[in-house]
Amino acid sequence: MCGIIGILSDQPAAPRLVEALKRLEYRGYDSAGIALLEGGKLERLRAPGKLANLDARVGERTLKAGVGIGHTRWATHGQPNETNAHPHASGRVAIVHNGIIENFRELREAMEGRGRTFVTETDSETIAHLIDENLSKGLKPKDAFKATLDELRGAFAIAAIIEGEDDLILGGRRGSPLVIGIGEGKEMFLGSDALAVGPFTTRVIYLEEGDWCALTRTSFEVFDAAGRSVERAETHVPAAGAAAEKGNYRHFMQKEIYEQPDFVGRTVSGYIDAYELKAVLPTRPGKKTLDFTQFDRIQIVACGTAYYAGFVGKYWFEQLAGIVTDVDVASEFRYREPVLGPRTLAIVVTQSGETADTKAAMEYAKAKGVMTAAVVNVPTSSIARECDAVLPTLAGVEIGVASTKAFTAQLCALLATAVAAGRQRNFLSREREKEIVGSMIELPRLIAEALKTEPQIMKLAPEIAKARDILYLGRGQHYPIALEGALKLKEISYIHAEGYASGELKHGPIALIDERTPVIMAAPHDHLLEKSLSNLQEVAARRGKVFLVSDKAGIKQAGNAPFGTIEIPTCERVIQPIVTVVPLQLLAYHVAVEKGTDVDQPRNLAKSVTVE
């Protein structure tokens, strides 16, 4: 999510922590801070706003501590003020944290019942209290840290220092990235990515899912989720390439697929009050705040992958907010001269904020006098500047041409906005809002679980790679996911693939079915599953090979009919599209790798289409 840096050295850590945080500004932030063991005692310096504010505070002090942690924070739980800025502390412990702690409310309430006092609105403070509480029980630092990780549910990266332990930094990750930087002599580093440790070393170790570590100035230990000591490979990252490094991943696309728990968590956090389980629309200076009681209709406009995100959004706005919603391809929108009434909201969806057709569609809507909102990933882009309201996606820089993490971030922004709209219009009950927001908090963990399908997908990829034509099927909110899955495959593997609504199978596409045409079906267990499985049987009866993407209940109900299955984690129905698309991304990626195509820069495609 935000930026993490930890330093163990014989040299003063404070200025180097700030230096590292400056390299993480690209991740976005609204406060920053550091914690040090100054003279053996915890000392924190934090400031809202730009890093210059923190830098000024550090410059006012003569700080000699060689151990410290730092953080750039984008406000999620709690306002962007000094109190809520990281690092957070409790007793002997200071921590920095990226991600979402799903069960922080119950942990916090239990500790409050045991007499602990919380001073922030954040989920992160819970971690510091847990570690300190475990230390107070007599556990040694590493044991206290591991016991804390075992109590946490969610996706996160954590770094911690402990008063009285001036040669120790503890770190752990689940769903969010964390790297060890191996210094020369008596120095060791911990960071949220290689860029954070880049000023100090080119030798890094990427912690794997569930790993945690203990660093001293001259050594490091890595443990897996079960607490077993493990070895992880060292990687050399050239200093000049740290800003655009792939880490242990073969391609940027694969890296960005795996970054989704982190950046989905970040986007979700920008749209919810996790303590109250409410959807909260973000506000931006100079921009309007959306009031959905003013609208009777929504017009969504986008191109490519963003169009499919908008298509899923149509289901959510209609089902959760009761607003008639249309979706158009931006390149066609203004040419059909659509009728836009005064109570219409036009929402454009774009990663870059510079897509020419989408920008022209927004300008058409503005000329018709309707309010415009942009789901956009680049806050300084033309569309972000010119729209009336901004719905930001916090997906970070996406280098691979085929969009992955930007798509799931767009889905999160649209879902949260639909929930907020439903509450504003009294169409969605408060209890249902709590259920949906609660499920959105689980998304980083669920996506991390969905990523575990990769070994299975790698086995299926050679079979898919032999095909010349592939069909993708889905019903309801999974129909746009089928379209997106087909688009991903054709973009990077150059295999002809088409997505269809499953119910349309008998209206033409079934003529294409034979043993040489694989069918990928997105069908998690929901109220439409029986109908989807009927379509599956129709394909199987014609010797078609169906690869079913579903959850445990859906796969069980399908029986032996599918040729192959990919099991996603069971989750609340409304968030299923966000989880289901992840294995489809992995499938496209591994089929492309099998075929030997240029995954990150596929032929004839550009990342941002800035001409019509």
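1. C571 is a buried cysteine, at 13% relative accessibility, where buried stands for under 20% relative accessible area, exposed for over 50%, and partly exposed for what lies in between (1.4 Å probe, protein chains only). The closest cysteine sulfur to that of C571 belongs to C412 and is 12 Å away, which is too far for a bond.

2. A word on the basis of these values: the model is predicted, so that local features need pLDDT of at least 70 and side-chain atom pairs count only at pLDDT 80 or more, while totals for chains, interfaces and linings use all residues. Residues are numbered from 1 along each chain as its sequence is written, and side-chain values use heavy atoms, with hydrogens and water left out.

3. C387 is likewise buried, at 4% relative accessibility, and its sulfur is 16 Å from the closest cysteine sulfur, that of C303, again too far for a bond. How many disulfides does a search of the whole structure find? The search returns 0, a disulfide being counted when a pair of cysteine sulfur atoms lies within 2.5 Å.

4. Two residues deserve a look for their backbone angles, given that most residues other than glycine have a negative phi. N426, although not a glycine, has a positive phi of about 55°; N426 sits in the loop between α13 and α14 (430-441), where helices (H or I, at least four residues) and strands (E, at least two) are DSSP runs numbered from the N terminus. With a relative accessible area of 65%, N426 is exposed.

5. Y494, also not a glycine, has a positive phi of about 65°, and its place is the loop between α17 (479-493) and β24 (496-501). Is Y494 buried or partly exposed? Its relative accessibility of 28% makes Y494 partly exposed.

6. The peptide bond from H86 to P87 is cis, with omega near -5°, and should be read against the background that most peptide bonds are trans. P87 belongs to the loop between β4 (67-73) and β5 (88-90).

7. Finally, S403 lies in the loop between β22 (389-392) and α13 (405-424) and counts as buried, at 11% relative accessibility. The side chain of S403 makes a polar contact with the side chain of E398 at 3.1 Å; such a contact is a pair of N or O atoms within 3.5 Å, of which, within protein, one must be able to donate a hydrogen and the other to accept it, and residues adjacent in sequence count only if both atoms are side-chain atoms.
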